Amino acid sequence: MPASATKSLRVAVLADSDTRWKWGALTAQRLAPTDAEIRLDGYLLRGRATPTARQLKEVGVRADSLREVTGIEFLRAMGGTAEDPYDVLILALVGGGVQAMLHGLRATWAGAGRRPVVVTGYVGVVYEKLADGLLLRHGADLVLANSRHDADRFRAVYEGVGADASSVTEVALPFLGGAPYPGEHDPYTVVFAAQPSVPESRKDRTYLLNRLIQHARKHPEREVLLKLRSKPGEHTTHIEELPYQKLVQGRNVPANFRLVYGHMSEVLDRTDLLVTVSSTAALEALHRRIPTAVLTDLGVREVLGNHHFTGSGCLASWAQLDAGHRPAPDAEWVSRQGVAAGGTPSGGGSYDSYFAVARERIAKLLDRPGGLPPLTPYYTPETAPGYLPGILARHHLGPDGVPLPGAPAADKEPGAVRQIVRRAARGAYRHGVQRVAPVIRRMGEL
């Protein structure tokens, strides 16, 4: 019986990092009808960025079940739910992972009487690889766009290559919320939202750290916080080779300067000025009407992502902030970015109303007579014979989406010994990525 009739919704989320798990799980909650009970099952794709227990706790989203899987194990699990299938499946993955799962699911569900509505999207601002990432996500029933601005761009890309653009659905970032800015706190608090890979070089990251510490010295009456995404040894969506924790070691910092972790919304509760290069935290702050500055010190460049904020009214330099400048956001720009400043989108309604169209589309798809048709990605062995097979092979899938011979765990559940070996191998891999590889790269630059 359709979810609309049972007032319940079974949702699965497959995620490959802490931020994508947060996006996928919160999106699942936003997409559920307000009067429906939701069962949320989480699957964490095994890899370099698989969230740690601490990261999962910091995200603060509870699931009814949560387990780590390979891509093949996930496909087997989806095939095993034929008698009691999920209503919605959210693929919270990097583009290549989404494409591989779409082809794998198409093969898994071949001949099945009913399948879930497949949803995918982005965890934040889309400022690079727009066409590549979008076409890798094509084939899902809903491709979520976090703003009117993104929805227009997404449709233009799909229509430009002759692909069906009807899947593009405008929503908003699912983790916006919190109380509107109440006014200055005591002490006045400046928060710099760090990013794992922006900027990338030691020189630029050291410069930003120096300016932050300098701001703390110039304003001893203020509390200056460096908000960090992860602790050393942990991975997020992007690799962080030069964590600020290491750069600050051994420095003589003022007493009003501190490093902080934790949930961003809790940090924003005491923030009077949010400063960043291009973090999605800027949109969270703008949603709550917290003064927000996007730095121009390193230029306004695509590689930094701060070019996305042109026209926002938020661009500023540390010199301006040191002198007391507080940027004023442009209302039209904020509206086009899916940010309901103060909790209300332009034209009235609540922030939650941003998800109404997506909920309606999912309900119609679930009630579709005869079930849903097979998934139809834009990329096929015919349209992209030199690109698609490599993407699928990285996930141990053949060109037809079927697991390749010898694919790990393709035919049985892993035993206890295999699980122990996997954990050890994954630890060694993470050590290589996080510790050894950066040293080798730096040595190569000498």
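**A buried aspartate without a partner**

D204 is buried yet makes no salt bridge, and the nearest side chain of opposite charge, R301, lies 4.3 Å away. Buried means under 20% relative accessible area, exposed over 50%, and partly exposed in between, with a 1.4 Å probe and protein chains only. A salt bridge needs a side-chain nitrogen of Lys or Arg within 4 Å of a carboxyl oxygen of Asp or Glu. For charge, Lys and Arg count as positive, Asp and Glu as negative, while His and the chain ends are not counted.

This is a predicted model: local features need pLDDT of at least 70, side-chain atom pairs count only at pLDDT 80 or more, and totals for chains, interfaces and linings use all residues. Residues are numbered from 1 along each chain as its sequence is written, and side-chain values use heavy atoms, with hydrogens and water left out.

D204 sits in helix α8 (residues 202-218). Helices (H or I, at least four residues) and strands (E, at least two) are DSSP runs, numbered from the N terminus. Setting aside neighbours within four places in sequence, D204 contacts P199, L298 and R301. Contact here means heavy atoms within 4.5 Å.

**Charges that do pair**

The structure holds 17 salt bridges. One of them joins D41 to R10, at 3.8 Å from N to O. That pair links distant parts of the chain: D41 is in strand β2 (residues 37-45) and R10 in strand β1 (residues 8-15), 31 residues apart. D41 also bridges to R39, with the closest N and O atoms 3.1 Å apart. D41 is buried at 2% relative accessible area, whereas R39 is partly exposed at 37%.

Helix α7 (residues 148-160) holds both R153 and D150, three residues apart, about one turn of the helix. Their side chains meet in a salt bridge of 2.6 Å, N to O. D150 is buried at 4% relative accessibility, and R153 is partly exposed at 21%.

**D150 and a cavity**

What else does D150 line? The second largest cavity has D150 in its lining, along with G124, V125, N146, S147, L173, L283, H308 and Q337. A cavity is a set of points on a 1 Å grid over the protein atoms alone where a 1.4 Å probe fits but cannot get out; lining residues have an atom within 4 Å of a point.

The second largest cavity has a volume of about 50 Å³. Its lining divides into three nonpolar residues, five polar and one charged.

Technical notes
1 Å grid on protein atoms, 1.4 Å probe; cavity = no way out; pocket = protein on both sides within 12 Å on 5 of 7 lines; lining within 4 Å. Points joined across faces, edges and corners; volume = space filled by probe spheres on them. Nonpolar A, V, L, I, M, F, W, Y, C, P; charged D, E, K, R; others polar.
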